[in-house]
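Please open the model in a viewer and follow the selections below in order.

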Amino acid sequence: MVIRLWMVKEGLMMFLSHLELMKTLERCFKSAGLPMAHSQGFNPRPLMNFALPLAVGVEAQKLLLEIELMEGAEASLLEKVKFPRGLSLHSYKVVEKSPSLMSLVESARYLLTGDKEKLRVIEHGDPLLFSKRNKKGHYRERDAREFILAFEEELQGYEFLLQAGSKANLKPTDLLLALLGKEEEVHGYNVRLMDVYDREGSSLW
Amino acid sequence: MKFIELLKQVEKPTRYLGEERGSIIKNPQEVKADFLLAFPDLYEVGMSHLGLHILYGLINEKEDYLCERLFAPAGDMEKLIREGKTPLFSIENKRPMKDFDLIGFTLQYELSFTTVLKMLDLGGLALRSQDRGPEDPPIIAGGPCAFNPEPMSAFIDLFVLGDGEEVLLDLMGLWSQTKNKEIFLREAMKFRGVYVPKYYTPEYKENVYQGLRPTIEEAPFPIQKALINDLDKCFYPKQMITPFMDIVHDRAVMEIFRGCTKGCRFCQAGIIYRPVRERSVENLVESIDSLLKEGGFDEVGLSSLSTLDYSAIYPLVDELTQRYSEEHVRFSLPSLRLDTFSIDVLRLLQDQRKGSLTFAPEAGSQRMRDIINKNVDESDLFSTMEEIFKEGYKKVKFYFMMGLPGETMEDVKAIADLSKRVFELYKEMTGKRNLEITVSTSCLVPKPFTPFQWMAQENVEDFQEKQRYLKGLLRGKNFRYNYHDAKTSVLEGHICRGGRKMGEVLERAYHKGAFLDAWDEHFNINFWREAFLELGMDLDKEISFSLDEVLPWDHIDVGVKKDFLKKEWQAAQSGELTPDCREGCLGCGVNLKSFGGICYGD
């Protein structure tokens, strides 16, 4: 049985790397006695897949993942899972077994908050250069604008719709760096993933 | 600076984050005394240490006390501290180090001593006890390296020797009554296992050290280690703190027993933790159950100095495998004994991964194994290998030591010969050549409270020559050879057998930049060489003691008597074996009558 989870990751939990988050959730589920289905082989792992891996320092309003439970398990056991402060389960639903969640993602919406004035460069048309590592491991200068599908001013910052997923992906932290120019300035901003979308532009929840 | 902004500036924020499963946050205003448990290494090392989880749980279990953690900051965080962006802070409530009532360091290895100094310094505390004021918290230290406390005695106000579980709570109680450092330090000496160095003064006759003398009546002499006889009645955490980050040993750990009866002559732990005290199977199963449930771990390490010597190992493993056969839980053993019984236990554990198995023959030649009292012969070793190859294992790891007393190049060659014969056996049995043998050698560090405590340690050049020689012998794609850096081992040898003067060396080396010396990227032998030279000492000159000399740690009584160690040293030199003391009391001195320990002699 596959269950899609909508989780919220915020506060200090923003500092978990993708691997740390996976391990943490695995242990939370295990500790609550959730009967996870495991992969085959000598080193069986619980079956779990995420829509979009998040960089260290990024919060998520909508963190989507799918887990697989053993047949006959009670999905409602999920309500008993205890998470560390800053991680919480918003909703869950049983879904059909389908291609991995990650392969469906085409874009993601992020909210960037902090000193808004410095983000206004987005309003002028100049290229926003940053260096991005390609598949061969070389760094290449790219224009962040190529990945920005839309943006909108918000009360305390800007919201961006960025290409995401396996085909083309812009990390929000790279965008911030491209907008601000300096690593030190990036630390003053908060980045929050708001939603992820498929090729039709509809939310994966 | 806001905490979140601070953490955004470091490479691994989960080192400082806290919030882990099993961590406990209390309000400092609501307790009678608080304790800062300080581990002088990075988070990922410290969190792998079982003792930390035990003491943390022990103190926090009491409603009136709280315990928080502190680890050494990595370079990026240290920079932020130096720039004044943050004080050195505890993991739980992010409080400055100085705010705590009591600060306790664990001394697990000598190369962490300069890190203790670094943490005091960054915490805004003077390094030397005498330079800290009455308002500064008492600095406490315990752990195996506290058994020769003298190298650190200038910096530490109070040492706890031996099992800390009872004493630590006594100290918390005493602090909540006294709240005064002077009174606290004086009264603490009534607890067994407590050593307060400032109440002892060294005596010399014609420049020869004559030992320490207590300067006040309350100061015990000799100082006996604290001892807990019944581990079943002793606290064990129901839950371990589960780190977010990958740490060195990422699993739940269950202490099966304390102490060891094997009597390997190089082994300090085997002496200082005597007698053997086992937990019962019921107690272990109950604890393991709780650790697994609370932490969500998928692996439990069955830990002790020699787990397969647990008298009920078979029933324990049997019970565990039955109980958890459906639950994706693995049980791991630290290393295996070289006998076929080990393999029976391994079979029972049914680990299908067939990963690498670790054995510690310690020496390549029988002559050397007899000198160190490793009661293993080649037929044990080869029949064990036969069994594991039958099981389908393709990777073995062997631990050996170099620099054993009387060791020649022939003995070093014996390490390679042994490994090659294991490979031949594999080829013969399987017809294949795909065995991977990893040989690791460490450098013998003669430690206080071992039969080797008097001998000279081998020098760096000789160690390196032996390492090069063995490396040349272990060529070929089936063999991998790792060896421990001789320079750090020799430094460790100097520090561990040092007296009070070693404290001056530590302080100088620290001021030159020594810090996190167990990390290759930080270690710089030159800081140390200079520090030794400036004090008229020589890092390159071997130290040794004569049998009738007063040793810098003679005022500490671990139960095992010096005469017993002398006899063992003499037996080593004539290659005589001493049996496991479970087979008959050897009169080491730790038993009920002479020291209060309940063991096989009683």
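Select chain A: with 205 residues, a compact globule would have a radius of gyration near 17 Å, and chain A, at 18 Å, agrees with this (taken over C-alpha atoms; the globule rule is 2.2 Å times the number of residues to the power 0.38). This is a predicted model, in which local features need pLDDT of at least 70, side-chain atom pairs count only at pLDDT 80 or more, and totals for chains, interfaces and linings use all residues. Residues are numbered from 1 along each chain as its sequence is written, while chains are lettered from A and ligands numbered from 1 in the order in which they are written.

Keep chain A selected. Its C-alpha atoms fill a box of roughly 55 × 35 × 30 Å along the principal axes. Chain A has four helices and 10 strands (DSSP runs numbered from the N terminus: H or I, at least four residues, for helices; E, at least two, for strands).

Next, display both chains. Here 20 residues of chain A are in contact with 20 residues of chain B (C-beta atoms, placed from the backbone, within 7 Å).

Now select chain B. Six strands form an open sheet of mixed pairing, in the order β2-β1-β3-β4-β5-β6 (strands pair if DSSP finds at least two bridges between them). At the edges of the chain B sheet stand β2 (65-71) and β6 (194-195), each with a single partner strand, so one side of each is left without a neighbour in the sheet.

Finally, select residues 102-106 and 139-142 of chain B: these are β3 and β4, which run parallel and are joined by four bridges. Within this pair, B:I103 stands opposite B:I139.

Note on methods. Contact = placed C-beta atoms within 7 Å.
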